[in-house]
Amino acid sequence: MGTAEETGQHLQFDVEDTIFVAVGTDADDAKATLLWAVQNFAGNSFCLLHVHQLTPRASSPKNEDPSSHTLKEHVANAFEELERQKSFELLNQYVLILAKLGVRAQKVLIETNSVERGIVEIIAQYSIKWLVMGLDAERYNLKMSTGLKSKKAFFVSQQAPLCCHIWFVCRGRLIYSREGGLGRFNKWQLQNTEIGINHTNHLRPESVTCKLDLLDAQEQENAFDSISTFTYEGPVDPRFENLGTSRTTLLLKNEVSGLQEAASMNVTPIKEFEEEAVGAEFKAKSLESSCVEEVKRRKEMEEILASSKKEVERMNKEHDNLLKELHRVHEQKSLLERKASESRCDVEELEKKMFAAVDLLVSFKEKRDKLQIEQEDATNELRKLKNMVERELSCNRRAEMPTFSFMEIIEATRNFDPSWKIGEGKHGSVYKGILRHMDVALKMFPSYGSHSQSTFQYEVELLSRVRHPNLVSIIGACPESRLIVYENMKNSSLEDHLACKTRPLPWQIRIRVAADICLALIFLHYSEPCIVHGDIKPSKILLDANFIAKLGGLGISRLIPQEQKAFDSASVYSLSKENNSYIDPEYLETGRLTPESDVYSLGVTLLRILTGRAPPSIVNDVKCALENDQIGAILDSSAGDWPHDLAEQLALVALRCFEKEKSNRPDLVSELWSVLEPMRSIASASCSNLKKHSRVPAHFACPIFQEIMKDPLIAADGFTYEADAIRGWFESGHNTSPMTNLKVEHCNLVPNYALLNAIQEWQHQL
Ligand SMILES: Nc1ncnc2c1ncn2[C@@H]1O[C@H](COP(=O)(O)OP(=O)(O)OP(=O)(O)O)[C@@H](O)[C@H]1O
């Protein structure tokens, strides 16, 4: 920093009494600050302090060889010098102006990089006690400003030695004052609220006039002109208030001239006192008005503050409410989101269920359609069967069932010759006999019980009307001896063959027997009403002279009195476990007989036909064999060489007959017959071995007449019948198969020349 001393300046007066005024280069600010200082500290020595701020440069030090300076540095130095000159001249002008006002002033010019630091350092260096510092007018709103906004001023107020009292002035108004340690001026109490400072006697503006009288009139005029060039807009002494700059100057002029006059007239001290009193009164009034003004302003400010406070409180409340609302909205949002995701899950679940339901519905519809078709077919079939039965009944009524006298029975059986006994059932013995030139079998039923002769006869008549090629026919009855006359089945029962009481049956005949029994059951189950046999087992399957299988024992239960049935049940179920094995367990449990019960019994019979083994272990044996692919090991070898595939297929369908769930058991027509029918053809084709076991090949006999055919015709059901028999069947109104009871597509008949040739060839060989 270049100090006053360094620049050749020396302070000529005592620092204790010198008011330092720091002025900048802005003329307006400087003038306002000087006027303030002169007004408030008149009579004191002044020292104008100007800090010239050097432009910061990265260039080399000053004492460096000028020849090495670049052109830029030269130019910068030249401008720097120019600025310095300007500052110096400005400072001189300020001093000159003060001098014209009669104010003694010196000047100090300091060069440094920082204005504020320069001021602080000069204060410290000279132990300056009093400093007036001008502030940048643009930063301060004169009505409102109370603190320091200038960085420089703030720095000086903070860093200047405490011994210095500093007044910070802007546009002639005191913005802030920092009291010094010695406090010579501290005792000056604030009276002028506008400038915030009191005046001592020797500091009054009047004192200025004392100095002014040292100047001649012209100089005074010049000085006033100089002052009049001040564009002072800040507050002034109350006497100058509201007068404007030019009027202030005028008043000042008048006052000075007044004082001059007073001096020249040698006015008495009393007059001076009066004037002072008037001045004081004037001052008091002005202070009072200022005070009122200030109170008013303060009230306004308080009102503004209060309303602002209210506004802030209102806004805070609003803010709190909004926060609460926001919180509520957030909660609602998350709740809605949760509900939305739950709804999405529900929707997905429902969609899945809906699709599943639709699939189910479609499958149900398909099943329903299928069932409807089946129902329609069955209804048609039943209608035809009904018609057929009715026609049969009417025929039979015309030709009533023959009844035989006991004498005839005795004669037919040669008085029940034991050698003519062909079987023994739990209800009685079976004898063969010749009755009215017919080869018959006679079975006697228990005579005790509730059935009267007429009831017995009626029941037998009903049973005799159920006729089918694969049902043992009832020829007549002897009600007085409770005896039924059946056609005689010359080749005994299937049981006898399987139990090897007679010669074993080849597999071909066994397959035919199975197919025949299946046909008999189809006929019974599709009758109207449905007839359930309820006792299917090998002892009830009888073989005629052509090894055609016929189901016997139909309706026996209707002929057995209840008491006897109870006795039989107890004895049979407890004693004959083997026979029980043919009965549907559900029937045994509930006593309710259903068509599926017959299917169960047929299944056991089929396994028996395949293996020859006795139930009940037969079921597990076959299952194990199938699982181990060892079906051949359990087949009845006495039947010859079973075709493996055929045996396996029959075993599989037979095992399905034991399904606990009845609906899972195979359907007689669509499942059992559809398996057995092709097997029957295979067996018929493989009949070369069959000749050994039958005198007449079974397929040579008409299924209706049971005689060797002379004119074999093939019907639409695939069976071959004797021409007269089948024509008679259709002519009597039937449009169903005599073998299956199912509707035939047409009644056309085709001659079976191949069979006719075979029969003729066979007959020729005999
Ligand atoms: N019409 C028939 N022609 C030839 N033999 C027959 C005839 N009816 C029955 N038999 C023979 O008589 C036996 C006994 O038959 P029946 O029907 O009386 O008793 P079951 O069937 O053995 O047993 P259940 O006492 O359970 O009825 C048969 O196994 C069969 O050998």
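View 1. Where pLDDT is low, the predicted coordinates should not be read in detail. For the protein chain the mean pLDDT is 79, with 77% of its residues reaching 70 or more, and the model scores ipTM 0.95 and pTM 0.45. This is a predicted model, in which local features need pLDDT of at least 70 and side-chain atom pairs count only at pLDDT 80 or more, whereas totals for chains, interfaces and linings use all residues. Residues are numbered from 1 along each chain as its sequence is written.

**View 2. The shell around the ligand.** The ligand is surrounded by 22 residues, of which G423, G425, K426, A441 and M489 are the closest; a residue is near a molecule if its C-beta atom, placed from the backbone, lies within 6 Å of it. By type, the shell divides into 7 nonpolar, 9 polar and 6 charged residues, where Ala, Val, Leu, Ile, Met, Phe, Trp, Tyr, Cys and Pro count as nonpolar, Asp, Glu, Lys and Arg as charged, and the others, Gly among them, as polar. At least two shell residues come from each of β7 (421-425), β9 (438-444) and α11 (494-498), and β7 supplies the largest share, 4 residues; helices (H or I, at least four residues) and strands (E, at least two) are DSSP runs, numbered from the N terminus. The ligand lies between domain 3 (402-488) and domain 4 (492-561 + 577-693), because both give residues to the shell, the domain bounds coming from an automatic or database domain assignment.

**View 3. The sheet that contains β7 and β9.** Five strands form an open antiparallel sheet in the order β7-β8-β9-β11-β10, strands being paired if DSSP finds at least two bridges between them. The edge strands, each pairing on one side only, are β7 and β10 (474-478). Strand β8 (residues 428-435) pairs with β9 in the antiparallel sense over 6 bridges, and I434 stands opposite D439 in β9. Helix α10 (residues 453-464) packs on this sheet, touching β10 and β11 (483-487), and its direction makes about 175° with that of β10; axes are lines fitted to C-alpha atoms, for helices over the stretch in contact, and angles run from 0 to 180 degrees between N-to-C directions.

Terms used. pLDDT = per-residue confidence, 0-100. Contact = placed C-beta atoms within 7 Å.
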